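Here is a short tour to read alongside the structure. Have the viewer open and follow the stops in order.

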Amino acid sequence: MKPFSIPVVALGPGSQPEDEALQYLPMPHDMRTYRSPILPELEEIRDLGAARIALQTTLSELLIAHAGSNKAPGRIDLSRMDAANLALIDQVMGEGEVSARIDSDGGTLRIQESVFAGIWRVRMYDRDAECLDDHIEIGDLPTAVVLAGNNGQHEPLAPPLTPGVINAPALLAEISEHLRQATPYHIINLSLLPFSPEDAQWLDQALGRGTVSLLSRGYGNCRITATGISRVWWVQYFNSQDALILNTLEIADAPEVARAAAEDLEDSSQRLAEVLDWIG
């Protein structure tokens, strides 16, 4: 009998060399969830009537907003409140997922969502970091963010082409077309396109930079920057290892990821009512 000229290959589990394991980009985890604020003892806040009134007014405005009223966003002024009452407000409000910063020649507006989605703490600081205004605003997003994001140029200008720029001019043309048509909402997913560092640099130069920056912390971080073009936002999602996992341009009054949803307002009204029941 002649020897086999075809090599015998073993079959079955474990008989074949294992392929190299697939390496997946780590996805975000550790989502921030609502945590009830740690409240002081009742005897410690018995005399803090101004804070109680401000919080009760906040709840009333929140209920109006949840009802879908066309009334302007509620605003509760805290500028004249003393330190003790402000401390109670700070303790109850806490810090939620979204924060924002708006820079201007006169100073900086710093915005922090509370642990109650749809309730925002808004502070204005001058160039010497002195607080000029402090108030609570109710709504899906503070009005100042939308106004500042709509305060840029109306049409982007294409800078000279440089080596390595391939797809960015077509993207700029797409943006210009949607701006001319006043498209309510449009997303360009840069992560799905051939998009080189040279494209990114050229497009960044064409769009410029605005005055608004936001950070939304849910799963990982979402960093939002207003461009220098009205209603055009650069939105980047990072996982917990700070690796970029989604890169988009959004044409909108404000990106949806930063807004509090209607169901968030409903949840917040219930939770704030429970807090007010406790502190009286």
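Predicted model: local features only at pLDDT ≥ 70, side-chain atom pairs only at ≥ 80, totals over all residues.

Helices (H or I, at least four residues) and strands (E, at least two) are DSSP runs, numbered from the N terminus.

- Ser114 has a relative accessible area of 3%, and it counts as buried because the cut-off is under 20%.
- Beyond its neighbours within four places in sequence, Ser114 is in contact with Met93, Gly94, Glu95, Gly96 and Ile119.

**Helix α2 and its ends**
- Helix α2 spans residues 83-93, and its buried residues are Asn85, Leu86, Leu88, Ile89, Val92 and Met93.
- Looking down the axis of α2, these buried residues fall within an arc of 155°, so they line one face of the helix.
- The cover over the buried residues of α2 includes α1 (49-66), β4 (119-126), β5 (131-138) and α6 (262-279).
- At the start of α2, a side-chain oxygen of Asp82 comes to within 3.2 Å of the backbone nitrogen of Ala84.
- After α2 comes Gly94, with a positive phi near 60°.

**The packing of α4 and α5**
- Helix α4 (residues 168-180) packs with helix α5 (residues 197-207) at an angle of about 35°, and their axes are 9 Å apart.
- The crossing of α4 and α5 is right-handed.
- From α4, the contact is made by Ala168, Pro169, Leu171, Leu172 and Ile175, and from α5 by Asp199, Trp202, Leu203, Ala206 and Leu207.
- In the contact of α4 with α5, 9 residues are nonpolar, none is polar and 1 is charged.

Key. Residues numbered from 1 in each chain as written. Heavy atoms only, no water. Buried < 20%, exposed > 50% of the residue type's maximum accessible area, 1.4 Å probe, protein only. Arc of directions from axis to C-beta. Contact = heavy atoms within 4.5 Å. Polar contact = N/O pair within 3.5 Å; in protein donor to acceptor, adjacent residues only side chain to side chain. Axes fitted to C-alpha atoms, helices over the stretch in contact; angles between N-to-C directions. Left-handed = near helix turned anticlockwise from the far one by under 90°. Nonpolar A, V, L, I, M, F, W, Y, C, P; charged D, E, K, R; others polar.
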